[in-house]
Amino acid sequence: MRSLTVSIALLLACAPVSAQIRHIEGVVSDEADVLTGAVVSSGGLNCVTDLDGRYGMDVADTTGTLSVSYMGYRTQTVRLKPGQERYDVRLQTDNRQLGEVVVTGYQKIDRRKLTAAVSTVEISDEKTGTVTNIDQALNGQVAGLSSVVSSGAPGAPVRIRIRGTASINGVQDPLWVLDGMPLEGSDIPAMEDLKDIDEIYQTSIAGISPSDIESVTVLKDAAATAIYGARAANGVIVITTKKGREGSNRVNFSTRLTYEPKTDIGRLNLLSSDEKVGLELDLLSSGYTFRKSKGAVSQILADLGETDAFIAGGWNALSDGARSAIDRLRSVNTDWNDILFRPVFNQEYNLSLSGGNSDAHYYTSFGYTSEQGTVKGVGNTRLNLNVKGDYRFGESLKVGVSVFASNRRQDSYSTDYNGFTNPVYYSRLANGYFEPYNADGSYNYDTNVQGKEDSELDFNIFEERANSRNRRDDRQLMAIADAELKIGHHIRATSQFGLQYDSYDLARYDGEDTYAMRKEKLFATYSYADGKRTFLPDGGRNRTTSSHSRQWTWKTMAEYENSFGGKHQLELMLGNELRHTESSSVYSVAYGYDRRTLTSQPVIFPTETSASSYPLYRETNLENAYVSWFANGSYTLLYRYTVGGSIRFDGSDMFGVARKYRYLPLYSVSGLWRIDRESFMKGLRWVDEAAMRASFGLQGNIDRNTSPYLIGTFNKVTILPGNVETVISTETAPNPSLRWEKTSNANVGFNLSVLDHAITLDVNWYYRRGTDLIAQQMLPLESGFSSSSVNWAGMENEGWEISVGSRNISRRDFTWTTNLNLGINHNRIKSETVAENSTYPSREGHPVGAIFAYRTAGLDDEGYPLFISPDGDAVNAEQLLKLKNGASTLTAAEQRNLYSYMGSSDPVASGGFINSFSWKNWQLGMTWTFNLGMKVRVQPSYSPTSYDRGMNTNRDILNRWTADNTGSSLPALMNSGKRMQEYIQYSEFNLYSMLDIWVRDCSYSRLTSLRLAYHLPEGLLSRLHMHSAAISLEARNLCVIATDYDGFLDPETMGNPFAQPVPKSFILGINVGF
Amino acid sequence: MGMMKRILLHFLSAAAVLSAVTAAVSCDRFLDITPTGRVIASTGEEYRALLTYEYKYVPEDRGLASFRSDEFVFGRNYTSSEDIASFFDIWTWNDYAQQPTTAQFGWRRYYHAIYISNYIIENQNDISDASAAEISQLVGESYMMRGYMHFLLVNLYSPAYTACRPDTARGIPLQLRADVEQVLKPSSVEAVYRSIVSDMETALSYLNVREWDAEYRYRFSILSAKAILSRVYLYMGNWEKSLEYAQSVITEHGGLVRLNVKGAVMPTRYDSEENLLALEQVMTSLYKGAGRPSMDVFRAYRSGDGRKSVFYNQVTSSSVSLLKGGGNEFSCSIRTAELYLNAAEAAVEMGLKNVAVAYLDSLLETRYSASAWDEYKPEIKVMDLETLRETVREERRLELAFEGHRWFDLRRWDRPAMERTYQEETYTLDENDPRYVIPLPAEVIQANPELGGDFI
């Protein structure tokens, strides 16, 4: 060991070995900047460049060449000339390797000293396919990162998870960082129910055009993220935007023209008019009572007074008039898919100008994107502008300023309480026999699809569409200024000030002739002395929300970097960060609104009570401040062994948080061993790179919404006339025993690159253990509250991330490369406190996404589900749950034991498989993404107690159990008059959706991108005075290979039949540079 | 060593630069942000605001329960489809297999008011910026709130005290601590009433406001606490106590509004002479507009009864609309007229015929026109006890119609059979039907399965 050290020391020492020596010196740089840590070798001696990229060494007179190498760059050899002392070397990047430095947002870390698990993705159409938002680009590109589209609507955000789920209740979205500034407003709200899906929503990421982005770095383990503190518990995604490079001015123009075909809802397997009419007749004669006056058949018979005749005598007992009216229904087949959806054509244009000289660089870009939804009337446009400049003042000061501005507009349909105005929802529920227009062109009102037994309100989706609007305008401005000052050769002080300003205006308009307005007026009915009528004025309603949020982050850091004797390298960083966020919103509503004259009318409220139910104005304001201190450091020996560590303290103004919970230090320790630098590897020339890294760290999270104290919000109310009083409402349960949620995080990684980088392998194993995790727990309502946050569980995630890249074929004209990114995650709940009142089992020993269900044993001789009892017998629900008045008389613990574990809703393995071929000037790329080995609980295709015959449904209902179809596995429709106990249980409790027949396997792989591109040859380019030119054709989401997802549009949205489908698209891209 | 020194020196100089930058901002001051709109109650005013919120949102279930009694009829012509969707199942006593749109009787809201009451009682020693008298009054009101909420709950979800064996009949969970982690079991009806009485009697030792001015009359006072106690004891069949409290209130504040004159004010007005506690609206405009008063009720008023024209508006010969209720100016939880009726009922049950007649006379003399009263008064005077009991009950029905009493009175008296007809379909409630007790909502049992099992 000792001799090894000595020999390495000799190798690296910048000392003369012969008597005749000469001095050489210079600066090593790349196109943009000086390079620190480049290895300069000459005459058997090595030397490393300092912070300013400078080197200096004394070499033997006889030495003829000098070579400079730096990871990620082509090694360059310079011939030494007699008498010349200064040799400045500019290195060219080597595209086969990723960047030499890793951008963490706080620092740029030399990859040779990197102890953390990070992945970098270059953002370009070739690498990631054509996307309009950056969050869509990461799908399948990074092992351990999973992404799911929240909705198929244009501009809808993507739900990203890094290394599985770390928290249950807290935020699970990663932190996004733009050029060093952590962004606010990038979390996606949980959108579970239908009404939320209709909300138009975008995160702050949506304002950034992917064509301005150079690369994205995903920070995964504690060594990388600890410096970000509590916000980084779910990983960090760092965006690095493009900047100007030294050289002549460049102009780059690109456009993408997209065609999206109409959504095909054939997979939903809905009833045809003929089948629906048949079903309605069946239900009527079978005596199924739920909403018996609904459906066109019931209405025809009721109008003709033949309902009883039909029930008694069937079809033959009907008059000719009734028969022909019913037969006419069978012949009408309105294609809702055709009239509610459309194919669309979308456009995107980007123009950028960049350039610079040795002292200043600039980058300016302008972009326009217009996306239309396949749902008529839904669309999204974006205008964005990016101006960026960096300047050097002398040798020691660098200043950079960048501004990102964007303006977005989203149009959608207006939503009502029931969700019928959502075309996706309506297209599944509207009957084929219903015609939306009368013969004279006027609106025909659909009285069936209202979710009620009896309603007199008129609803027509086209009228609704024509007379309402839902529009959101977003404006975003982000400005980042940084300065870097070098103090001597070893110290660098940097400071960055970032400002983010987001605002939006949301305007929701419902005209007088809409269902939404009719309903609003009906609710606002008052019994005046002369009769009942609404107190809202004639006309429509205009609701506007205007929201502003602002944050600034100011961080200042001092970095020290030095190497000693060529063997030891030390880096230390100490920093401080101040952050301030503020958000406010104002909501107002005008009634009697006319959108043509922009006038509204005052509301004359009959009583103070009714006035208080219609607040015309609401305002919110939230302000928070944070102070953080952080430090990190690393020590590297011989460029071979590195140990590092980081620590951070966060302080904030959190209101109602006990002082002891204000600060929790978060830390990490890590190490790197570059095996390829060992002497024993010398003989293995085919190994380019081999390294191992390990880290351990602690991360934490506190639930900001729960306090040990009873926190209230002020309000003003009137209880008795004329007396306005202050009240404090307290609807959040206090929890004095709530503690920090803590996650410890271990990572061991190995990367290998062999045969001149023909095969690269990056394997990471991680283990994350969360303790004191916080979740919402349902409280007995006798507490006065419905739920509360509690520390309820411990959870572990263990997983492997494997990235394999290979250059399969590499000829002069043809190359084929393959990348496989695979993430395998095992999640297990170590301990879980199940609430005493919970009837759903504990997940202890199972994954967090565990799905439990009741084991069924088919149906009994009346078509009611049978269950497997704990004794193994087949019993009905009444016997299983010991029902009384429809409710179970079993204790909660006994009810928990009746469930069986079915599997997990999280995939076991997920990732991407990417192939790229290039032949001469042609390129073909193919990206498959996959999620394997999960279960999904699907929504039952019909409810046995409350199937509403006024609505269309899936064909499953035709195969339900009936006296003539006793072989069916789907239960009979039940009546309240029969088997009352079971009827109540099925209609009031969620037993039915908990049957095992609604749990399905789900594994799928999607061809996310198939892209063919052609680059104009060099000769032609120079004749055209062009720098580059390419044309491409890409198909996105072309096909899916999946386990059974019958009855649903996509395997991703099997849980929710009303989600917008993942759209297929074809994109023509043109990219030219001058 | 020298090397380490150099590093340290370099580093310290960098740190100095840093601290110069950050020292400009004092951390504590930077973090000291007073949140807008959010608060942890500490002053007397803030504790008062906590309780005011609960006063504001006391459920109007006594009005909703009115649909189950014999006061309302629904009709195709005047009941809107929205009201059918919300109230039809309640009106037809369809407690199981309800439409999803059916209105729900409250549960959590009551317990939230109870939570805040407990919170104030438990934290009374930490209230700042308030006089001892103010704090004592607030604590007294909290005890009243807790008692009254339990009283409403037990009357909605359990059999009437006088219609069951109270020591074995299932009551409701008694929540006597501000602790969200408890999982409670139901207590017996008797235990619940014991707690209600104890809370209200305790309240009397804290309360020091005899009567509130009209605009604060939703708050409990000494008088309204005693008045409510008279009702609680009446519901328990504790006639002596009921009579005692009724007498005590009437002596102090027994004024009645004359309804037998032209332009008489509605006695349920919050600022009327009769109103003792203007807490619940009972007949909100929503409930009031859902149906029409049953003609059986309207026709039961004798001619010359001033209440007919004060309470109702005759629309056609076979249809009337209701004037009582419909806004916060008609908030009324208890008024003096009820105390006369409580006293009369208690006296009848105790066999004190003359006492009963005296209380009835005092009330009715302000209700009937002079000529009608001249005719009716002698009739009452000669009634035997049984007829008098019926008369007292009938007058209670007419006087307190549409004020949220009828369903509870039916429950504690005879639980008669009832029948409804709507669009040729008939719905019936049998005599002593189990549906005289409203079942616990499914979500309540889901959140606490202890409440679903049998009560032992």
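Biologist: Which residues of H10(B) are buried?
Modeller: This is a predicted model, and in it the buried residues of H10(B) are B:Trp239, B:Ser242, B:Leu243, B:Tyr245, B:Ala246, B:Gln247, B:Val249 and B:Ile250.

Biologist: What do the buried residues of H10(B) pack against?
Modeller: They pack against two helices of chain B, namely H9 (222–236) and H14 (336–349).

Biologist: How many residues does helix H10 of chain B have, and what is its reach from first C-alpha to last?
Modeller: H10 of chain B covers residues 239–252, which is 14 residues. Its first and last C-alpha atoms are 20 Å apart, close to the 20 Å expected at 1.5 Å a residue.

Biologist: Turning to the nonpolar cores, how many residues does the largest one have?
Modeller: The largest nonpolar core has 168 residues, and B:Ala343 and B:Ala344 have the most contacts inside it. Helix H7 of chain B (residues 132–157) gives the most to this core, with 13 residues. Another core, of 96 residues, lies apart from it and includes A:Ala116, A:Leu175, A:Leu219 and A:Ala233.

Biologist: And what is B:Ala344 in contact with, leaving aside neighbours within four places in sequence?
Modeller: B:Ala344 is then in contact with B:Ala356, B:Tyr359, B:Leu360 and B:Val392.

Biologist: What about chain B as a whole: how many helices and strands are there?
Modeller: Chain B has 19 helices and 11 strands. Its C-alpha trace spans about 120 × 50 × 45 Å along the principal axes. Of its 456 residues, 52% are buried. Among contacts between residues at least 6 apart in sequence, 69% join residues at least 24 apart.

Biologist: Which strand of chain A is joined to S1(B), and how do the two run?
Modeller: Strand S33 of chain A (residues 711–718) is joined to S1(B) by three bridges, and the two run antiparallel. In that pairing, A:Thr713 stands opposite B:Arg38 of S1(B).

How values were computed
Residues are numbered from 1 along each chain as its sequence is written. Chains are lettered from A and ligands numbered from 1 in the order in which they are written. This is a predicted model: local features need pLDDT of at least 70, side-chain atom pairs count only at pLDDT 80 or more; totals for chains, interfaces and linings use all residues. Helices (H or I, at least four residues) and strands (E, at least two) are DSSP runs, numbered from the N terminus. The expected span of a helix is 1.5 Å times one less than its number of residues. A residue is buried if 20 or more other C-beta atoms lie within 10 Å of its own, exposed if 12 or fewer, and partly exposed in between; C-beta atoms are placed from the backbone. Two residues are in contact if their C-beta atoms, placed from the backbone, lie within 7 Å. Two strands pair if DSSP finds at least two bridges between them. A nonpolar core is a set of buried Ala, Val, Leu, Ile, Met, Phe, Trp, Tyr and Cys residues joined through C-beta atoms within 7 Å.
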